[in-house]
Amino acid sequence: MVDAQAKKMWKELMMPVNYFFKNPVAVKLREEGRVEERIAERIASVLRTLDRRHIDVPDAVRRRVRACTDPDILQIWVDRAYDVTDAAELFEE
């Protein structure tokens with residue numbers, strides 16, 4: 001293409017479109033996905049730590065841990081899982 005204006009138009013048409021990735025809805029969805037991933041990782045960490053320490057985990061404790069959606073609470077339980085001698089002690093203040 002010899003015409004500068006036509007060349008510019010062609011370049012703009014061929015540029016990749018990244019609108020979705022900057023869209024506020026897309027940003028929010030990605031952040032929600034990251035939070036859900038952190039929650040899942042912490043749930044697994046609590047249960048895995050208790051299992052590796054050979055601490056029996058009753059179904060009621062397992063259900064409560066899996067039902068938790070607060071990453072901060074789950075982190076507290078992850079930390080406590082290293083010290084407790086009974087799984088129910090995770091929830092004690």
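The legends below describe an overall view and several close-up views of a predicted model.

In this predicted model, local features need pLDDT of at least 70 and side-chain atom pairs count only at pLDDT 80 or more, whereas totals for chains, interfaces and linings use all residues. Residues are numbered from 1 along each chain as its sequence is written, and side-chain values use heavy atoms, with hydrogens and water left out.

**Figure 1. Overall view of the helical chain.** The chain contains 5 helices and 0 strands, in the order α-α-α-α-α along the sequence, where helices (H or I, at least four residues) and strands (E, at least two) are DSSP runs numbered from the N terminus. The radius of gyration is 24 Å, well over the 12 Å that the globule rule gives for 93 residues, so the chain is more spread out than a compact globule; this radius is taken over C-alpha atoms, and the rule is 2.2 Å times the number of residues to the power 0.38. Along the principal axes, the C-alpha atoms fill a box of roughly 80 × 25 × 20 Å. Of the 93 residues, 24% count as buried, a class defined by under 20% relative accessible area, with exposed meaning over 50% and partly exposed lying in between (1.4 Å probe, protein chains only). Among contacts with a separation of 6 or more, 60% come from residues 24 or more positions apart, contact meaning heavy atoms within 4.5 Å.

Figure 2. Trp 10, Leu 13 and Met 14 make a nonpolar surface patch of about 370 Å², and Met 14 has its place in helix α1, which covers residues 4-14. Patches are made of residues with over 30% relative accessible area and no salt bridge, like charges being joined within 9 Å and nonpolar side chains (Val, Leu, Ile, Met, Phe, Trp, Tyr) within 5 Å. For the chain, the accessible surface comes to about 7500 Å², of which 55% belongs to carbon and sulfur atoms, as computed by the Shrake-Rupley method with a 1.4 Å probe, where for residues only the protein chains shown count as cover.

Figure 3. The structure holds 1 salt bridge, defined as a side-chain nitrogen of Lys or Arg within 4 Å of a carboxyl oxygen of Asp or Glu. Glu 31 and Arg 34 form this bridge, with their closest N and O atoms 3.0 Å apart. Because the two residues are 3 residues apart in helix α3, Glu 31 and Arg 34 are separated by about one helical turn. Glu 31 counts as partly exposed at 36% relative accessibility, and Arg 34 counts as partly exposed at 42%.

Figure 4. The side chain of Thr 49 reaches the backbone oxygen of Ser 45 at 2.7 Å, while the side chain of Ser 45 makes a polar contact with that of Arg 48 at 3.4 Å. A polar contact is a pair of N or O atoms within 3.5 Å; within protein, one must be able to donate a hydrogen and the other to accept it, and residues adjacent in sequence count only if both atoms are side-chain atoms. Leaving aside neighbours within four places in sequence, Thr 49 is in contact with Ala 81 and Tyr 82. The C-alpha atoms of Ser 45 and Leu 74, 29 residues apart along the chain, are separated by 9.1 Å.
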